[in-house]
Amino acid sequence: MESKRKWRWGVHRWIVLLLIILGAVGVGYFAPVQPHIQAAAEKLTEEPLFSLPVIGDFYFVNTFTSMLLTMAIIIGVSYAVKRALAKGEMVPRGIAGVMEMAVEALYNMTEGTTGAKWAKKIFPWFATILLVVLVANLIKLLPGYETIGILHHSEHGYEVQQLTSGIATVVNTKAHEGEGYILTPFFRAQATDLNFTLSLALISIFMVQVIGFQAQGPRYLEKFFNFRTLFSKPIFGFMDVIVGLLELISEFAKIISFTFRLFGNMFAGFVLMAVIGVLIPTFAPAVVMLFELFIGLIQAYVFGMLTMVFMAQATQGHGGGEEHAAAH
C-alpha cells in the first residue's frame with residue numbers, strides 16, 4: 001500500500017511538471033496579448049434581448065453566462081447532495097459529508113452571533129449569499145475563463161493567427177487601424193460587474209430591514225426617526241433625532257460599501273492578472289491565481305458575515321431612546 005501511494009504521488013508530480021513545461025513552451029509560441037479591459041461587461045450579442053421604456057436596452061453580456069454557470073454548479077451540487085442523503089447512510093460520505101460539515105459550521109457560527117431565536121431566519125440568507133459569492137469568485141480560476149470567446153473588429157485591435165478552421169488566437173502585434181481584433185470572452189467574473197454586486201447589496205440591506213421589522217415591529221423605525229424625547233427633553237431629544245438621521249444615512253452607505261468593496265477587489269484582481277500575464281507570462285500568473293483564490297474566499301466570507309451581523313443588529317432594540325425615557 002505504501003509503495004502504491006508513493007508511485008501515484010510520483011505520477012502526479014511528473015504530470016504537474018509536464019504541464020509547467022508545456023505552459024512555458026506555449027507562452028513562447030503564443031505570447032499573451034494585452035487584453036481589452038473595461039469596467040462594463042462585454043456584449044456577446046449585437047442586438048438587445050429586450051428593451052424597457054425608461055431603463056433602456058438589455059444585452060446578453062458575458063457576466064450573465066457566468067451567472068448561469070454559477071447557478072448550474074450550485075444546483076448540481078445540491079442535487080448530488082440530495083441523492084447522497086437519499087441513500088439513508090448514518091454518516092454521509094463524499095460531497096454530502098463535506099456539505100454537511102460546512103453547513104453545520106456556518107449554522108453554529110450564525111447561532112453564536114445572532115442567538116438561537118433568530119438563527120433559523122438569518123442563516124438561509126447568510127449561507128446563500130456566501131455560497132453564491134464564493135462560487136462566483138472561484139469559477140474564474142477555471143481554465144479558459146476570460147480567455148476563450150468571440151473575436152470582434154476594433155480600431156485599435158491586434159492581429160490574429162489562424163489555428164484551425166473557425167478557430168484563431170490573438171497575437172501580440174498591433175494591427176493597422178480598423179483591421180485589428182479584440183477578444184470578448186464567453187465568461188467574465190461576475191463580481192467585476194456592478195450590476196451583480198449592487199443587486200447583492202440591495203438584497204442584503206433590504207432583508208436587514210425586513211428582519212428588523214419582524215423582530216421589533218413598527219418600533220424598528222425609531223432607529224431612524226426617534227422623536228420620543230424631542231419635546232420632553234429637547235437637548236437629548238435633538239441628539240436622538242440627529243443620531244437617527246445618521247443611522248438612516250449609514251443604511252444607504254452600507255449599500256455603496258457592499259457594492260464597491262466586492263467590485264473593487266475582484267476587478268483589481270482581473271486587471272492584475274491581465275497585466276502580470278503580459279509582463280511575466282511564464283510562472284507569475286500561477287502565483288497571482290493563488291492570491292486570487294485567497295481574495296475570492298475572503299471577499300465571500302466578508303460579504304456573508306457583514307450581512308449576518310447587520311441582520312443580528314436589526315433584531316436588537318434601539319436602546320438610546322429607551323434609556324432617555326427611563327431616566328426622564
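**Figure 1. Eight helices and six strands make up the protein chain.** The model is predicted. Read from the N terminus, the elements follow the order α-β-β-α-α-α-β-β-β-β-α-α-α-α. The protein chain has 328 residues, and 34% of them count as buried. Its accessible surface is about 20,000 Å². Carbon and sulfur atoms hold 70% of that surface. Among contacts with a separation of 6 or more, 67% join residues 24 or more positions apart.

**Figure 2. Helix α2 crosses helix α3.** Helix α2 spans residues 62–86, and helix α3 spans residues 95–114. Two packed helices are described by the angle between their axes and the distance between the axes. Here the axes come within 8 Å and cross at roughly 105 degrees. Angles of 65 to 115 degrees count as roughly perpendicular, so α2 is roughly perpendicular to α3.

**Figure 3. Side by side: the residues where α2 meets α3.** Helix α2 contributes Val-77, Ala-80, Val-81, Ala-84 and Leu-85. Helix α3 contributes Ile-95, Ala-96 and Met-99. By class, this contact of α2 with α3 has eight nonpolar residues, no polar residues and no charged residues.

**Figure 4. Strands β4 and β5 form a hairpin.** Strand β4 covers residues 158–164, and strand β5 covers residues 167–174. The two strands pair in the antiparallel sense over five bridges. Val-160 stands opposite Val-170 in β5. Two residues lie between the strands. In the turn, Gly-166 has a positive phi of about 80 degrees.

Methods
Residues are numbered from 1 along each chain as its sequence is written. This is a predicted model: local features need pLDDT of at least 70, side-chain atom pairs count only at pLDDT 80 or more; totals for chains, interfaces and linings use all residues. Side-chain values use heavy atoms; hydrogens and water are left out. Helices (H or I, at least four residues) and strands (E, at least two) are DSSP runs, numbered from the N terminus. Buried means under 20% relative accessible area, exposed over 50%, partly exposed in between (1.4 Å probe, protein chains only). Contact means heavy atoms within 4.5 Å. Accessible areas come from the Shrake-Rupley method with a 1.4 Å probe; for residues, only the protein chains shown count as cover. Axes are lines fitted to C-alpha atoms, for helices over the stretch in contact, and angles run from 0 to 180 degrees between N-to-C directions. Angles under 35 degrees count as roughly parallel, over 145 as roughly antiparallel, 65 to 115 as roughly perpendicular and the rest as oblique. Ala, Val, Leu, Ile, Met, Phe, Trp, Tyr, Cys and Pro count as nonpolar, Asp, Glu, Lys and Arg as charged, and the others, Gly among them, as polar. Two strands pair if DSSP finds at least two bridges between them.
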